[in-house]
Amino acid sequence: MKNNSEIYKSNKLNLLLAAFILLAINLGCNFSCGNFVPSKPDMPSTEQQNALVKQTLKDFAKGIESGDFSSLRSSASKEFQAAASADKLKSAFGGMIDKKGVLVPIMQSADSKTPQFTNPPSIKEEGSNYTMQYTGSFTTDPFKPYFDFKYIWQDSQWKLLSVEIEFKP
């Protein structure tokens with residue numbers, strides 16, 4: 001027969017386990033075959049979407065202006081950071097860095113504009129990850145920055161997964 005001390009320890013352990021499960025359910029998580037599966041994130045509001053795209057463009061402009069893409073990389077996803085070193089980004093966008101006198105003011109002026117999306121963004125499930133892609137442009141002069149930004153839900157926030165920017169009249 002168990003003594004009171006053993007029963008107390010057993011009940012305390014069960015209570016802690018129950019509290020953990022309730023907390024996980026409350027946070028919107030599921031447990032499947034012992035694996036942690038995050039729940040699908042909510043679609044950001046229009047204001048949040050615009051802010052996300054503008055912040056990415058600001059970080060990119062900062063990288064073009066300084067030749068240092070550490071700010072862009074530090075806020076990006078783990079996958080982006082692993083695939084694109086600061087030197088690799090500097091090399092890939094060298095042509096834009098050479099034209100920073102024209103391009104940086106254009107990107108900075110986009111901050112006061114609303115991005116025009118080509119397709120309505122939506123959340124997609126890719127394997128065990130959730131992604132969102134924003135394709136569009138900003139109405140700026142003399143050139144328009146056309147962007148294709150893809151984000152991944154990581155650490156409870158949207159983080160940059162890939163970036164493509166092109167300038168056209």
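Trainee: Which residues line the second largest pocket?
Mentor: This is a predicted model, where local features need pLDDT of at least 70, side-chain atom pairs count only at pLDDT 80 or more, and totals for chains, interfaces and linings use all residues. Residues are numbered from 1 along each chain as its sequence is written, and side-chain values use heavy atoms, with hydrogens and water left out. A pocket is an open set of points on a 1 Å grid over the protein atoms alone, where a 1.4 Å probe fits, with protein on both sides within 12 Å along at least five of seven lines; lining residues have an atom within 4 Å of a point. Here they are Leu52, Gln55, Thr56, Asp59, Leu72, Ser75, Tyr151, Gln157, Trp158, Lys159 and Leu160.

Trainee: Which helix and which strand each supply at least two residues of that lining?
Mentor: Helices (H or I, at least four residues) and strands (E, at least two) are DSSP runs, numbered from the N terminus. The two you want are helix H2 (46-66) and strand S7 (157-168).

Trainee: Is Lys150 buried or exposed?
Mentor: Lys150 sits in strand S6 (residues 144-154). Buried means under 20% relative accessible area, exposed over 50%, partly exposed in between (1.4 Å probe, protein chains only). Because its relative accessible area is 17%, Lys150 counts as buried.

Trainee: Which side chain does the side chain of Lys150 make a polar contact with?
Mentor: Leaving aside neighbours within four places in sequence, Lys150 is in contact (heavy atoms within 4.5 Å) with several residues, including Lys159 and Leu160. At 3.1 Å, the partner is Glu126.

Technical notes
Polar contact = N/O pair within 3.5 Å; in protein donor to acceptor, adjacent residues only side chain to side chain.
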